[in-house]
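Here is a short tour of the fold, written for reading alongside the model. Keep the 3D view open as you go.

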Amino acid sequence: MLTIKHYRRPISAIAISGERARLTPNVLMEFMDPLSENSIQIYAIATGEKEAVIFLDEAETDKAMLLLTDVATQSPFESISVRRSLGMITVAGPELINTPGLLNKLTAPLAKQKINIVSITSAFDSVMFFFDKKDTEKVFNFWENYVPEKINVFRKTRQKFSGLFKKMIPRKR
């Protein structure tokens, strides 16, 4: 079953950038260790060609920036920046693994409403979406009413079960 969760607290994204970010061994560990040692919760991590982005509770941003700036100055990274006032919504469920076009069905209506997705991170059965905080409640309310009926993620499952029930429970004649 597809579930949607809205994290109500504001989120920040800290980006550590450098030409060889993706190719630097142990790059994530270098930045995760000081955060872990200081009990800073990481909500998500995204990596790109030239940066690693750490998403965390906005209340922890200043503390995390100090710790990460210390690490960044002793590494090949060129800059560290922060984006505040983000919102996070997680969509999770096994349907994400085997349903072609599901992400398009979720995101296309947002584009029509001119809502920008700041970042997306994913695992096999969950996707975390990051928006400007001002848009997050609107997206959550829309998706909560839109999913799963409108995107038909359960159509195949219903068809399989109805066929199974017909075999198991014979009709009365």
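## The sheet and its helices

In this predicted model, an open sheet of 6 strands is ordered 2-3-1-4-6-5, with antiparallel pairing. Strands (E, at least two residues) and helices (H or I, at least four) are DSSP runs numbered from the N terminus, and two strands pair if DSSP finds at least two bridges between them. Strand 2 (42–47) and strand 5 (117–122) stand at the edges with a single partner strand each, so one side of each has no neighbour in the sheet. On average, neighbouring strands of this sheet are turned by 30° against each other, direction ignored.

Contact means heavy atoms within 4.5 Å; axes are lines fitted to C-alpha atoms, for helices over the stretch in contact, with angles from 0 to 180 degrees between N-to-C directions.

| Helix | Strands touched or crossed | Angle |
|---|---|---|
| Helix 1 (residues 27–37) | strand 1 (3–17), strand 2, strand 3 | about 165° with strand 2 |

Isoleucine 45 stands opposite isoleucine 54 in strand 3.

Now look at aspartate 135, in helix 5 (residues 133–146). Aspartate 135 is buried, with a relative accessible area of 11%; buried means under 20% (1.4 Å probe, protein chains only). Leaving aside residues up to four places away in sequence, aspartate 135 touches Ile115 and Asn116.

Residues are numbered from 1 along each chain as its sequence is written, and side-chain values use heavy atoms, leaving out hydrogens and water. Local features need pLDDT of at least 70 and side-chain atom pairs count only at pLDDT 80 or more, while totals for chains, interfaces and linings use all residues.

Conventions: Buried < 20%, exposed > 50% of the residue type's maximum accessible area, 1.4 Å probe, protein only.
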